[in-house]
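Subject: Structure for your attention

Dear colleague,

Please find the structure below.

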Amino acid sequence: MRILIVGAGIGGTILANLLARRLREDLRRGGVTLTVLSASPSHLYQPGLLYVALGEMSPAELYRDERELLDPLVRFEVDPVTDFMLDAKKVATRSGAVHDYDLLVIATGSRTVPEEVPGLAGNAHSFYTEDAALRMCRAVQAFDGGKVVIVMGVPHKCPMAPLEMTFLLHEQFVRRGIERRVDMLYTYPVGRLHSIENVARWAAVEFDRRGIRSETFFNLAEVDGANRLVRSEEGSVVEYDLLIAIPPHHGAPEIERAGLGARGWIPTHRRHLTMQGQDDVYVIGDTTNLPISKAGSTARFQAELLCHNIAARVRGCSMTRSYDGKVFCFIETGRGRASYASFNYDEPPEPPSPSRSIQMLKTLYHRMYWASLKGLP
Ligand SMILES: Cc1cc2nc3c(=O)[nH]c(=O)nc-3n(C[C@H](O)[C@H](O)[C@H](O)COP(=O)(O)OP(=O)(O)OC[C@H]3O[C@@H](n4cnc5c(N)ncnc54)[C@H](O)[C@@H]3O)c2cc1C
């Protein structure tokens, strides 16, 4: 049985390591092969980009060699997939190679597409790529007061990152003694502060405490950099001095080009994580079209489930476990405190009041990131 995983981010890496452990004997005997194809030789710890933008981490701290993160039984090639030929059960890569598979897992993540909004790329700061986070860091450090506006497209990865960035920027302005000269406006595309109702209610209390203003039903239409204005599709016009954006997201361009899903989001069975209409193709992480948050924790929970079900298939059993939509996200609120949101398809989160003990757990979780990629509990 040939298992092929495309993408070596959180989902692809954890799944490969879990499968290597579960199928160790089959892999050693050669009855099963497990190959990971990736676009990059290194693994980026994406949550760290938030702290790069705030000047608290350097990019060098965020990378590890992917080969070293993977079990030696996993074949790893840096050779991005350029074409998915699902009917023939093959993928083609940039080097010209063609890989046959019996089971394919697509874990190619998501990417920002700032160019989708006129004027956004050249005028807004972001923290979703290394270069953008470094530029944002310089802009934030040079900022000495004025109007800060936070805008975003949905869906985006890390559902809590915009809230966290708002709280942490506010904390930085307080620390620098400039908060009285700063007017912060957080905008959101739907009629509340977050797509998850309980998180929106919780965030409203936290914003009130800090005097952060908000505007809802704000879908980005265009940015007029010359006049420092952002326009929404709803007709609102907002002035800014420092514009922070979480740009619109798409899945990988190869997914879009292959026509596997609109905007690169692959239609995925919400319980089995198979691609709709393709029983030999699984999808995990950001690239699914599931109505749940795009987060590292989502990819991790899905990888645990898929390991179980793929191992069962290798042994000739039918699928045994079903994904319940589980997601867990910390929400850092500044001043050494954090809250969290834990939820699934049926049970909404109830974020508790921010506390120091939750922040300690978040710090611990971040420190364990590299070890957890190896599939450790
Ligand atoms: C600033 C920021 C903060 C975040 N904070 C958190 C947090 O606190 N908690 C949390 O849970 N999540 C957080 N996230 C979200 C989290 O990082 C993503 O949701 C997660 O990485 C998704 O995992 P994935 O495996 O689907 O994709 P990724 O981890 O993005 O990996 C995708 C992989 O696919 C590869 N790839 C792409 N195209 C191809 C191709 N054609 N061929 C081969 N390989 C390809 C890429 O090189 C990459 O290795 C944050 C993200 C950002 C940007």
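The element that gives the most to the shell around the ligand is α10, with three residues. Together with α1 (10-22) and β2 (33-38), α10 (296-314) is among the elements that each supply at least two residues of that shell; helices (H or I, at least four residues) and strands (E, at least two) are DSSP runs, numbered from the N terminus. Please note that this is a predicted model, in which local features need pLDDT of at least 70 and side-chain atom pairs count only at pLDDT 80 or more, while totals for chains, interfaces and linings use all residues. Residues are numbered from 1 along each chain as its sequence is written, and side-chain values use heavy atoms, with hydrogens and water left out.

In total, 28 residues surround the ligand, and the closest are Gly 11, Gln 46, Val 81, Asp 286 and Gly 296; a residue counts here if one of its heavy atoms lies within 4 Å of the ligand. The shell divides into 14 nonpolar, ten polar and four charged residues. In this grouping, Ala, Val, Leu, Ile, Met, Phe, Trp, Tyr, Cys and Pro count as nonpolar, Asp, Glu, Lys and Arg as charged, and the others, Gly among them, as polar. Domain 1 (2-109 + 252-314) and domain 2 (113-249) both give residues to the shell, so the ligand lies between them; the domain bounds come from an automatic or database domain assignment.

Which atoms of Gly 11 and Gln 46 face an oxygen atom of the ligand? For Gly 11, a polar backbone atom is 2.8 Å from an oxygen atom of the ligand. For Gln 46, a polar side-chain atom lies 2.9 Å from an oxygen atom of the ligand. The protein covers 91% of the 1,000 Å² of accessible area that the ligand has on its own (Shrake-Rupley method, 1.4 Å probe).

The search of the whole structure also found one cavity of 30 Å³ or more. A cavity is a set of points, on a 1 Å grid over the protein atoms alone, where a 1.4 Å probe fits but cannot get out; a pocket is an open set with protein on both sides within 12 Å along at least five of seven lines, and lining residues have an atom within 4 Å of a point. The largest cavity has a volume of about 40 Å³, and its lining includes Asp 286, Ile 292 and Ser 293. Ile 292 and Ser 293 are also among the residues nearest the centre of the second largest pocket, which 23 residues line.

Finally, the loop between β11 (146-152) and α7 (161-175) holds Pro 155, and the peptide bond from Val 154 to Pro 155 is cis, with omega near 0°. Cys 158 is found in the loop between β11 and α7 too, and has a positive phi of about 60° although it is not a glycine. Most residues other than glycine have a negative phi, and most peptide bonds are trans.

Yours sincerely

Note on methods: Polar contact = N/O pair within 3.5 Å; in protein donor to acceptor, adjacent residues only side chain to side chain. Points joined across faces, edges and corners; volume = space filled by probe spheres on them.
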